[in-house]
Amino acid sequence: MTAKNFIRKIISPYLWLNLVAMAVIVVLLSLGLRYGLDLYTHHGQTVEVPTILHKTYNEAEDMLDQVHLQIVVSDTDYVKTLPPDCVLEQSPTPGDIVKPGRIVYVKINASQTPRRPLPDVIDNSSLRDAQSKLLAMGFLLGDPEYIPGEREWVYGIKCQGKQLSTGDRVSIEDQLIIQVGDGRRDMSQTVSFVDANSYYFGEEEDEEETTTKSRPHYKRQTETRETHSESSDASSPTNVSTVVKPLDIPSVSASPSIPSGQAPAPVKAE
C-alpha cells in the first residue's frame, strides 16, 4: 500500500461516519443506563407499608394500590375465630420503608378447615410416638381406646366412628381416637400347641436321636406283691414282705435263625 492510498482511506467520509455513529451509541447507552436505572429502582422514592392485618384480601389490595405496592398470596392458614380470606401475616411488616412497586407477601385465612393426610403410625409406632406426630401436624386427639393386644402399640385410628387408613385426609377439627393394645391377648384368638419333639435344634440332637433308635432299650419291670399276716395279738405290727420277680425280657438275635441240620453257607472272600 502506498502512502497516497493510506491517506485517502484515512480521510474517507465512510470511516469517519462509522466512528461518529459508534460514539453516539456509546453516549446513548451511558445516558440510558444512568437515568433508566434510577427510574427502574425508584431512586430517592420511598413509601411506608400500611397495616393490612385482619383485612380482607380485596381491602388489602386496594390499600396497597394507593401506595403503589403489589400484593401476592404466599400461603394459607386457618384460624377459626377470624373470617375467611382475611390477612393473617404480611411481609414486609407494617411501617417498613420500601420503594414503590415492592411486592408484599401475605398469608390469608382459609375458607374451610384444612384437611391433612394421616401419617404412617398405624401398626408402625407406639402410643407416645403416634401422639407426638399427630399433635405436631395439628390434629385433635381424644382419649385412647384400649383393645386386646400388645401393650402401648397402635393398632388403629378412628374418626367419627370410622376406621382410618394411612394417607386418608382428615380435618384438623375432627377428633381422632387412637386404638392401643392393653397387653392382654384376645380370647377369640386360637393358640396351636406344637410338640417340641418335632423340632430339630441342631446336629447334636439329631445324632442323639439316631443313636437312641439304633440301640433298643428295655426297662426291667418288677412286680411287687404284698402279703399281710394277721397276728392274734392286736398290738403286734403288720408284717409286709415284698417279693421281686423279674419279668421275661425278649432276646434280640443279631442274625436270622438257621434251621437245624443245615450248616451255614460258607463266606466267599472277595
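Where does D123 lie? And in what order do the strands of the open sheet stand?

Analyst: D123 lies in the loop between β6 (115–117) and α4 (127–136). Helices (H or I, at least four residues) and strands (E, at least two) are DSSP runs, numbered from the N terminus. D123 has a positive phi of about 55°, although it is not a glycine. Most residues other than glycine have a negative phi, and most peptide bonds are trans.

First, some ground rules. This is a predicted model, in which local features need pLDDT of at least 70 and side-chain atom pairs count only at pLDDT 80 or more, while totals for chains, interfaces and linings use all residues. Residues are numbered from 1 along each chain as its sequence is written, and side-chain values use heavy atoms, with hydrogens and water left out.

Now the sheet. Three strands form it, in the order β2-β5-β3. The sheet is open and its pairing is mixed. β2 (70–77) and β3 (87–91) are at the edges with a single partner strand each, so one side of each has no neighbour in the sheet. Neighbouring strands are turned by 25° against each other on average, direction ignored. Axes here are lines fitted to C-alpha atoms, for helices over the stretch in contact, and angles run from 0 to 180 degrees between N-to-C directions.

Take the two pairings in turn. Two strands pair if DSSP finds at least two bridges between them. β2 and β5 are parallel, with seven bridges. V72 stands opposite Y105 in β5 there. β3 and β5 (residues 103–109) run antiparallel and are joined by four bridges. In that pairing, Q90 faces V106 of β5.

Helix α3 (residues 57–66) lies across β2, β3 and β5. It runs at about 150° to β2.

β5 is mostly covered, with five of its seven residues buried. K107 is found in this strand. Its relative accessibility is 18%, so K107 counts as buried (under 20% relative accessible area; exposed is over 50%, partly exposed in between, with a 1.4 Å probe and protein chains only). Leaving out residues up to four places away in sequence, K107 touches D75, T76, D77, C86, V87, L88 and E89. Contact means heavy atoms within 4.5 Å.

A cis peptide bond joins S91 and P92, with omega about 10°. P92 belongs to the loop between β3 and β4 (97–98).

E152 is partly exposed, at 33% relative accessible area.

One side-chain detail remains. The charged end of R34 sits over the ring of Y35, 5.5 Å from its centre. That label needs NZ of Lys or CZ of Arg within 6 Å of the ring centre and within 35 degrees of the ring normal.

How far can the model be trusted? pLDDT is the predictor's confidence in each residue, from 0 to 100. The chain has a mean of 75, and 67% of its residues reach 70 or more. Confidence is highest in β5, at 94, and lowest in β13 (residues 222–228), at a mean of 41. Over residues 190–247, pLDDT stays under 50. Where pLDDT is low, the predicted coordinates should not be read in detail.
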